[in-house]
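Here is a friendly note to read alongside the structure. Keep the 3D view open and look up each residue as you come to it.

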Amino acid sequence: MATSVTAAHDERRLLGLDLATVGPALLVLALAAVMSVVLPSIDSRTSYNHEIRRGDVVRLGARITLIPAASWDLASGSIVGDTRSPIGPTATTELVRGSLRFYVQAAPFEGTPASLLTRINQIDADLHHARGRASETTRRYAVTTRQGVVGAAEDFVGVSRQGSFIAFIFAPLAQSTPTQARRRTREGVEIVVSGPPDEMSRNRDDIVDMVRSIKVVS
């Protein structure tokens with residue numbers, strides 16, 4: 001049984017997501033491939049250029065942010081206030097600590113967190129079947145951000161790694177011109193947290209805090 005992460009008043013577990021167009025489907029495929037193939041192959045000794053400092057805020061997508069734990073490194077993504085080019089409507093972020101990976105992907109979507117999580121499971125099952133491997137997955141449960149957004153989540157355990165899938169749907173205000181009325185768009189945020197069981201257990205509080213910190217900003 002996987003070691004679950006806890007989110008405040010939620011049960012001790014974590015991770016999932018939702019979408020229903022061609023773009024979202026490709027997003028799910030990419031996420032499943034990262035979890036099943038890429039993450040397990042990354043060596044924990046890899047060094048990164050950006051060490052997270054207290055007060056840093058990561059931009060996940062258009063008007064969606066996350067507060068990373070100060071002890072982690074930013075492998076890819078954008079820090080709010082950084083001089084890099086503005087992030088687009090589809091974006092990926094990866095935070096690492098040792099062998100732990102906290103991977104986030106955001107993109108416009110239609111659907112619910114539960115339906116996206118189902119799609120992730122279907123693609124992941126196909127990948128594992130093709131490779132002759134399988135992982136066990138827990139029952140789904142709800143995860144709530146501090147802003148009150150409820151997502152779908154489930155835990156998984158494999159040969160040498162365990163973790164969680166989480167899916168949220170946010171509705172940030174879209175960019176507008178002076179002649180356009182501001183409207184809310186729907187954006188899906190998919191999260192995969194994975195790592196060796198002992199590291200997942202030691203860093204559970206950091207993982208929960210980061211998940212719960214995701215929010216829409218004005």
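Are Arg101 and Glu94 buried or exposed? Both Arg101 and Glu94 are buried, where buried means under 20% relative accessible area, exposed means over 50%, and partly exposed lies in between (1.4 Å probe, protein chains only).

1. **Before you start.** This is a predicted model, in which local features need pLDDT of at least 70 and side-chain atom pairs count only at pLDDT 80 or more, while totals for chains, interfaces and linings use all residues. Residues are numbered from 1 along each chain as its sequence is written, and side-chain values use heavy atoms, with hydrogens and water left out.

2. **The overall picture.** The protein has four helices and 13 strands; helices (H or I, at least four residues) and strands (E, at least two) are DSSP runs, numbered from the N terminus. Of the 218 residues in the protein, 47% are buried. The accessible surface comes to about 10600 Å², and carbon and sulfur atoms account for 51% of that surface; such areas come from the Shrake-Rupley method with a 1.4 Å probe, and for residues only the protein chains shown count as cover. Now take the contacts (heavy atoms within 4.5 Å). Among those between residues at least 6 apart in sequence, 66% join residues at least 24 apart.

3. The whole structure holds five salt bridges, each being a side-chain nitrogen of Lys or Arg within 4 Å of a carboxyl oxygen of Asp or Glu. One of them links Arg101 and Glu94, with 3.6 Å between the closest N and O atoms. Another joins Arg97 to Asp206, where the closest N and O atoms are 3.5 Å apart. Arg97 belongs to strand 6 (residues 91-97) and Asp206 to helix 4 (residues 204-213), so this pair ties together parts that are 109 residues apart in sequence. Arg97 is partly exposed, at 32% relative accessible area.

4. Glu154 sits in strand 10 (residues 150-157), and Arg140 in the loop between strand 8 (136-137) and strand 9 (141-144), so the parts tied together are 14 residues apart in sequence. Glu154 is buried, with a relative accessible area of 2%, whereas Arg140 is partly exposed at 37%.

5. **Strand 6 and its neighbours.** Five of the seven residues in strand 6 are buried, so the strand is mostly covered, given the cut-off of under 20% relative accessible area. Strands count as paired if DSSP finds at least two bridges between them. Strand 4 (residues 73-76) and strand 6 run antiparallel and are joined by three bridges; Ser76 has Glu94 as its bridge partner in strand 6. Strand 6 also pairs with strand 7 (residues 100-108), in the antiparallel sense, over seven bridges. The bridge partner of Arg97 in strand 7 is Leu100. Strand 6 and strand 7 form a hairpin with two residues between them, and Gly98 in the turn has a positive phi of about 60°.

6. Look next for the open sheet of four strands, with the order 5-2-3-13 and antiparallel pairing. Its edge strands are strand 5 (78-79) and strand 13 (215-216), each of which pairs on one side only. Strand 2 (residues 58-61) and strand 5 run antiparallel and are joined by two bridges, and Val58 has Ile79 as its bridge partner in strand 5.

7. **Aromatic pairs.** How many aromatic pairs does a search of the whole structure find? There are two. Rings of Phe, Tyr and Trp (its six-membered ring) pair if their centres lie within 6.5 Å; planes under 30 degrees apart count as stacked, over 60 as edge-to-face and the rest as tilted. The ring centres of Phe156 and Phe165 are 4.9 Å apart and the planes are at 35°, so this pair is tilted. Phe156 is buried at 4% relative accessibility, and Phe165 is buried at 1%. For Phe168 and Phe170 the centres are 5.7 Å apart and the planes at 45°, so that pair is tilted. Phe168 and Phe170 are both buried.

8. **A buried serine.** Ser164 lies in strand 11 (residues 162-170) and is buried, with a relative accessible area of 0%. The side chains of Ser164 and Asp155 are joined by a polar contact of 2.5 Å. A polar contact is a pair of N or O atoms within 3.5 Å; within protein, one must be able to donate a hydrogen and the other to accept it, and residues adjacent in sequence count only if both atoms are side-chain atoms.
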